[in-house]
Amino acid sequence: MPPSQWTPQEARGAAVFREHCARCHHATSTRALHGPGLQALTKLKAMPSGAPPTNGRLTDVILHGYGLMPATNLTNRQLRELLAYLHTL
Ligand code: HEC
């Protein structure tokens, strides 16, 4: 979804992504950077780990880290915004 169609919440989520995730993940490509490209992430049947891209799994990966991915410290509000943004990819 193009940025012009983001809701205010999704736009704030994009800012959270730029600050906390973009150095390791492409958002608009499936090409790997340090971690997998996240384009169309929430439309996938399974993420690289094999887990489905539910908000529950995403929350767990983001807050606690996974494999080589470090944990990210976010407020509940930032997390909701980020999840909303990830659904636009
Ligand atoms: C320092 C680099 C780094 C940062 C920062 C980072 N990630 Fe990752 N991420 C990785 C790596 C590496 C993997 C693959 C982990 C593995 O397979 O061991 C990964 C995996 C993932 C996965 C796939 C999980 C699965 O179940 O397969 C998702 C989704 C993800 N990251 C989202 C995010 C989001 C959203 C953020 C921002 C909050 C973020 N990452 C921040 C490096 C990073």
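This talk goes through the aromatic rings and the iron site of one structure.

A word on the source before the details: the model is predicted.

I will start with the rings. A pair of aromatic rings is described by the distance of the centres and the angle of the planes. How many aromatic pairs does a search of the whole structure find? The search gives 2.

One of them joins tryptophan 6 and tyrosine 85. The ring centres are 5.5 Å apart and the planes stand at 90°, an edge-to-face arrangement. Tryptophan 6 belongs to the segment before α1, which covers 8-20, while tyrosine 85 sits in helix α3, residues 76-86. The two are 79 residues apart in sequence, so this pair ties together separated parts of the chain.

Are these two residues buried or exposed? Tyrosine 85 is buried, because its relative accessible area is 7% and buried means under 20%. Tryptophan 6 has 22% relative accessibility and therefore counts as partly exposed.

Tyrosine 85 also pairs with phenylalanine 17. Here the centres are again 5.5 Å apart, but the angle between the planes is 50°, and the pair is tilted. Phenylalanine 17 has a relative accessibility of 3%, so it counts as buried. Put together, ring pairs make a cluster of Trp6, Phe17 and Tyr85.

There is one more ring to mention. Tyrosine 66 has arginine 57 lying over its face, 4.8 Å from the ring centre.

Now the metal. Which protein atoms are donors to the iron atom of the ligand? They are NE2 of His25 and SD of Met69, at 2.0 to 2.2 Å from the iron. The site has 6 donor atoms, with angles of 83 to 179° among them, and is octahedral. For comparison, the ideal angles for six octahedral donors are 90 or 180 degrees.

Histidine 25 is buried, at 12% relative accessible area, whereas methionine 69, at 25%, counts as partly exposed.

Definitions and conventions. Residues are numbered from 1 along each chain as its sequence is written. This is a predicted model: local features need pLDDT of at least 70, side-chain atom pairs count only at pLDDT 80 or more; totals for chains, interfaces and linings use all residues. Side-chain values use heavy atoms; hydrogens and water are left out. Rings of Phe, Tyr and Trp (its six-membered ring) pair if their centres lie within 6.5 Å; planes under 30 degrees apart count as stacked, over 60 as edge-to-face and the rest as tilted. Helices (H or I, at least four residues) and strands (E, at least two) are DSSP runs, numbered from the N terminus. Buried means under 20% relative accessible area, exposed over 50%, partly exposed in between (1.4 Å probe, protein chains only). A charge sits over a ring if NZ of Lys or CZ of Arg is within 6 Å of the ring centre and within 35 degrees of the ring normal. Donors are N, O and S atoms within 2.8 Å of the metal (3.2 Å for Na, K and Ca); water is not among the atoms, so sites may look incomplete. Four donors count as tetrahedral if all angles lie between 85 and 135 degrees; four count as square planar and six as octahedral if opposite donors are over 155 degrees apart and all others between 65 and 115; anything else is irregular.
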